[in-house]
Amino acid sequence: MPLFHARVQVTLRPSVLDPAGEATRAAAARLGVHGVQRLRIGKSIEVALEAPDLAAAEAQLELLSDRLLANPVIEDWTLELAEAE
């Protein structure tokens with residue numbers, strides 16, 4: 001069965017406050033890094049998945065992302081998917 005590699009990027013929706021991002025932006029200024037106007041923190045999840053084909057892998061990863069990896073109330077996610085070499 002083919003192996004697929006995926007990366008799911010999970011980020012807070014633009015309307016949701018990001019206290020960790022704001023704290024990091026403030027810390028950057030204290031380190032002398034000025035000019036950071038916006039800093040938001042998300043998460044990146046890497047998955048290796050066996051599936052019969054690309055469409056099946058994508059369907060499984062969408063289900064996983066929507067129901068387990070991201071909170072759909074406050075987070076958005078994007079999927080990068082490729083067959084392993």
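Apart from neighbours within four places in sequence, Ser 65 is in contact with Val 8, Ala 70 and Trp 77, a contact being a pair of heavy atoms within 4.5 Å. The model is a predicted one, in which local features require pLDDT of at least 70 and side-chain atom pairs count only at pLDDT 80 or more, while totals for chains, interfaces and linings use all residues. Residues are numbered from 1 along each chain as its sequence is written, and side-chain values use heavy atoms, with hydrogens and water left out.

### Overall form

The chain contains 2 helices and 3 strands, arranged along the sequence in the pattern β-α-β-α-β. Helices (H or I, at least four residues) and strands (E, at least two) are DSSP runs numbered from the N terminus. The C-alpha trace spans about 50 × 30 × 15 Å along its principal axes. Its radius of gyration is 17 Å, whereas a compact globule of 85 residues would have a value near 12 Å; this quantity is taken over C-alpha atoms, and the globule rule is 2.2 Å times the number of residues to the power 0.38.

The accessible surface comes to about 6000 Å², and carbon and sulfur atoms hold 55% of that area. Such areas come from the Shrake-Rupley method with a 1.4 Å probe, and for residues only the protein chains shown count as cover. Of the 85 residues, 20% are buried, where buried means under 20% relative accessible area, exposed means over 50%, and partly exposed lies in between (1.4 Å probe, protein chains only). Among the contacts with a separation of 6 or more, 74% join residues 24 or more positions apart.

Ser 65 belongs to helix α2 and is buried, because its relative accessibility is 0%. The buried residues of this helix, which covers residues 54–69, are Ala 57, Leu 61, Ser 65 and Leu 69. They lie on the same side of α2, because they cover an arc of only 65° around the axis; the arc is that of the directions from the helix axis to the C-beta atoms. The cover over these buried residues includes β1 (3–12), β2 (43–50) and β3 (75–83). On the face of α2 turned away from the buried side are the exposed residues Ala 55 and Arg 67.

At the start of α2, a side-chain oxygen of Asp 53 comes to within 3.2 Å of the backbone nitrogen of Ala 55. A polar contact is a pair of N or O atoms within 3.5 Å; within protein, one atom must be able to donate a hydrogen and the other to accept it, and residues adjacent in sequence count only if both atoms are side-chain atoms.

### The segment before β1

Met 1 is placed in the segment before β1. Not counting residues up to four places away in sequence, Met 1 touches Glu 50, Ala 51 and Pro 52.

### Salt bridges

Side chains of opposite charge can pair when their charged atoms come close. A salt bridge here is a side-chain nitrogen of Lys or Arg within 4 Å of a carboxyl oxygen of Asp or Glu, and the count by this rule is 4.

Arg 7 forms a salt bridge with Glu 46, with the closest N and O atoms 3.0 Å apart. Arg 7 lies in strand β1 and Glu 46 in strand β2, so this pair ties together parts that are 39 residues apart in sequence. Arg 7 also meets Glu 80 in a salt bridge, at 3.8 Å from N to O. That pair links distant parts of the chain, with Glu 80 in strand β3 and Arg 7 in strand β1, 73 residues apart.

A further salt bridge joins the side chains of Arg 13 and Asp 76, at 3.0 Å from N to O. Arg 13 is in the loop between β1 and α1 (19–30) and Asp 76 is in strand β3, so the pair ties together parts that are 63 residues apart in sequence. Salt bridges with shared partners join Arg 7, Glu 46 and Glu 80 into one network.

The table gives the exposure of residues discussed above.

| Residue | Relative accessibility | Class |
|---|---|---|
| Met 1 | 69% | exposed |
| Arg 7 | 32% | partly exposed |
| Arg 13 | 31% | partly exposed |
| Glu 46 | 59% | exposed |
| Asp 76 | 32% | partly exposed |
| Glu 80 | 45% | partly exposed |
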